[in-house]
Amino acid sequence: MAAPGQTDAPLTAAQRGKIRRLSQPAELSPDEEGGELNIVPFLDIVVNILIFVLATVAVTFTATIDTAPPASGGTGTRSQVTEKSLNLTVFIVNDGFSIKASGGSVAPGCSGLGSGITIPLRGGRYDYDALTACAKKLKDSSPDFKEENNVYLAPNPGTDYQTIVSVMDSLRNTAAGDPLFTDVNFKVSK
């Protein structure tokens, strides 16, 4: 109800807006906020760092293969080796596997000494089963080789990564899961 002498005129939009602005509490300055700290940006940074660390750790575990890199340079004079050792070296060439042991190159079919490709490609693919069988046959050829765990791998330049990993797997265990040569080392062919 209007006071005497006043009329009930409706408010304009500008007047309503001014009343709304003045009726809302003023924004507090940073020193008047009562000590509250806005931690939302800090939590965003922590969550992003956690996601990055978890993603990086998963990639590291997937890419790890235990091997030894090839030695660089000569070591000078050779020391005399008193024990009889196999010193098995597998060369991955374009035509198959060429295998060398301490007695010399292994003949085709893994049957004694000879030259050339020991295990040729079969159907255009490397024969990993024959490589495992040949490595087992060479290791079982003498009781002196039973404790030997080192094998050297010399891939040709351009050999794909999957072939190298498959050869390493073929030399580490037999098909039955028995260990053959657990320490695979890389060698540079000369």
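Trainee: What counts as a strand here?
Mentor: A DSSP run of E, at least two residues in length. Helices are runs of H or I with at least four residues, and numbering goes from the N terminus. Keep in mind that this is a predicted model.

Trainee: Fine. Where is Thr89, then?
Mentor: In strand β1, which covers residues 89-93.

Trainee: Buried or exposed?
Mentor: Thr89 is buried, because its relative accessibility is 4% and the cut-off for buried is under 20%.

Trainee: Which residues does Thr89 touch, leaving out those up to four places away in sequence?
Mentor: Ser98, Ile99, Lys100, Tyr152 and Lys187.

Trainee: What do Lys187 and Tyr152 do with each other?
Mentor: Lys187 lies over the face of the Tyr152 ring, 5.3 Å from the ring centre. There is also Lys139, whose charged end sits over the ring of Phe181 at 5.0 Å from the centre.

Trainee: Switching to ring pairs. How many aromatic pairs are there?
Mentor: The structure has 3. One of them joins Phe97 and Tyr128, with centres 6.2 Å apart and 50° between the planes, which makes the pair tilted. Phe97 belongs to strand β2 (residues 96-101) and Tyr128 to helix α3 (residues 128-139). That pair links distant parts of the chain, 31 residues apart.

Trainee: How do Phe97 and Tyr128 score on accessibility?
Mentor: Phe97 is at 0%, so it counts as buried. Tyr128 has a relative accessible area of 24% and is therefore partly exposed.

Trainee: What about Tyr126 and Tyr128?
Mentor: Also an aromatic pair, tilted, at 6.4 Å centre to centre and 40° between the planes. Phe97, Tyr126 and Tyr128 form one aromatic cluster.

Trainee: On to helices. How do α3 and α4 cross?
Mentor: Their axes come within 8 Å, at roughly 35°. The crossing is right-handed.

Trainee: Which residues make that contact?
Mentor: On α3, Tyr128, Leu131, Thr132 and Ala135. On α4, Thr163, Ser166, Val167, Ser170 and Leu171. Tyr128 is also part of the aromatic cluster.

Trainee: What else does Thr163 do?
Mentor: The side chain of Thr163 makes a polar contact of 2.5 Å with the side chain of Asp160.

Trainee: Where is Asp160?
Mentor: In the loop between β5 (150-155) and α4 (161-172). Asp160 is at 42% relative accessibility, so it counts as partly exposed.

Trainee: And Thr159, where does that one sit?
Mentor: Also between β5 and α4, in the loop. Thr159 counts as buried, since its relative accessibility is 19% and buried means under 20%.

Trainee: What does the side chain of Thr159 meet?
Mentor: A polar atom of the Thr159 side chain is 2.7 Å from the backbone oxygen of Asn156. Leaving aside neighbours within four places in sequence, Thr159 is in contact with Ile92 and Ile164.

Trainee: Last one, backbone angles. What is the phi of Asn87?
Mentor: Positive, about 50°, although Asn87 is not a glycine.

Trainee: Which loop holds Asn87?
Mentor: The loop between α2 (40-62) and β1. Asn87 has a relative accessible area of 38%, so it is partly exposed.

Definitions and conventions
Residues are numbered from 1 along each chain as its sequence is written. This is a predicted model: local features need pLDDT of at least 70, side-chain atom pairs count only at pLDDT 80 or more; totals for chains, interfaces and linings use all residues. Side-chain values use heavy atoms; hydrogens and water are left out. Rings of Phe, Tyr and Trp (its six-membered ring) pair if their centres lie within 6.5 Å; planes under 30 degrees apart count as stacked, over 60 as edge-to-face and the rest as tilted. Buried means under 20% relative accessible area, exposed over 50%, partly exposed in between (1.4 Å probe, protein chains only). A charge sits over a ring if NZ of Lys or CZ of Arg is within 6 Å of the ring centre and within 35 degrees of the ring normal. Contact means heavy atoms within 4.5 Å. A polar contact is a pair of N or O atoms within 3.5 Å; within protein, one must be able to donate a hydrogen and the other to accept it, and residues adjacent in sequence count only if both atoms are side-chain atoms. Axes are lines fitted to C-alpha atoms, for helices over the stretch in contact, and angles run from 0 to 180 degrees between N-to-C directions. A crossing is left-handed if the near helix is turned anticlockwise from the far one by less than a right angle, and right-handed if clockwise.
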